[in-house]
Amino acid sequence: MILIDYLSGALLIAGAVFFLAGTLGLLRFPDVYTRLHALTKADNVGLGLMVVGLAVQAESWTAAGKLLLIWLLVLLAGSSVAHLVAGGALQRGIQLWKR
Amino acid sequence: MQTFNLALALFLLLNLGAGMWRVFCGPTAADRMLAAQLFGTTAVAVVLLLAQAYGNPALRDVALVFALLAAVTAVAFVRRAWPDQEAGHDSD
């Protein structure tokens, strides 16, 4: 029981670190395209680690499966949205960042 | 474990607060929308943590709705609400 708590805690903290990195990237990166990169890391890996950490604690297999489905939905939505936003930004002539 | 989950949820909320700065400062509409997307994902994580902390499985359905709404919002923004001219005041 204790071991499961430690495992879940480690996974949750790793997920939180990715969310922190995503927020920092969104605040610090110079243009839309690089911010998109930071955002998708938080979306995919951050939420993924959180979901696995919570699924370890979950009370039944049904609950764990639902958590996994939420993550899959966010994965699908996140990648489609990243593609749409990047394409739209290029179409509207937003310049790529150059040093 | 409950205290730990609540503390993590609070930490993610603070992240959200920091992200508000990007919503206010832009510079392009797309940047604001990306911040809103991050809010959507973080809100999903917060609600899932609360569902576990308070032992309330109904909150997982709330998280599912959040994820769905975030996706629909972003697609609606790109296809309908994104102004065509904004290269002119993109100065960051």
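Colleague: How does the radius of gyration of chain A stand beside that of a compact globule of 99 residues?

Modeller: The radius of gyration is taken over C-alpha atoms, and the globule rule is 2.2 Å times the number of residues to the power 0.38. A compact globule of 99 residues would come near 13 Å by that rule, but chain A has 16 Å. Along the principal axes, the C-alpha atoms of chain A fill a box of roughly 55 × 25 × 10 Å. This is a predicted model, in which local features need pLDDT of at least 70 and side-chain atom pairs count only at pLDDT 80 or more, while totals for chains, interfaces and linings use all residues. Residues are numbered from 1 along each chain as its sequence is written, and chains are lettered from A and ligands numbered from 1 in the order in which they are written.

Colleague: At what angle do helix H2 and helix H3 of chain A pack?

Modeller: Axes are lines fitted to C-alpha atoms, for helices over the stretch in contact, and angles between N-to-C directions run from 0 to 180 degrees. Helix H2 (residues 32–57) and helix H3 (residues 61–91) of chain A pack at about 175°, with their axes 9 Å apart. H2(A) and H3(A) are therefore roughly antiparallel, a label for angles over 145 degrees, whereas those under 35 are roughly parallel, 65 to 115 roughly perpendicular and the rest oblique.

Colleague: How do the residues of the contact of H2(A) with H3(A) divide by class?

Modeller: Two residues are in contact if their C-beta atoms, placed from the backbone, lie within 7 Å. Among those making this contact are A:Leu36 and A:Leu47 of H2(A), and A:Leu68 and A:Trp71 of H3(A). The residues divide into 18 nonpolar, four polar and one charged, where Ala, Val, Leu, Ile, Met, Phe, Trp, Tyr, Cys and Pro count as nonpolar, Asp, Glu, Lys and Arg as charged, and the others, Gly among them, as polar.

Colleague: How many residues of chain B are in contact with chain A?

Modeller: On chain B 40 residues are in contact with 37 residues of chain A. Helices H1 (2–25), H2 (29–54) and H3 (58–81) of chain B are the elements that give two or more residues to this side, and H2(B) gives the most, with twelve. By class, the side of chain B that touches chain A has 26 nonpolar, seven polar and seven charged residues.

Notes: Helices (H or I, at least four residues) and strands (E, at least two) are DSSP runs, numbered from the N terminus.
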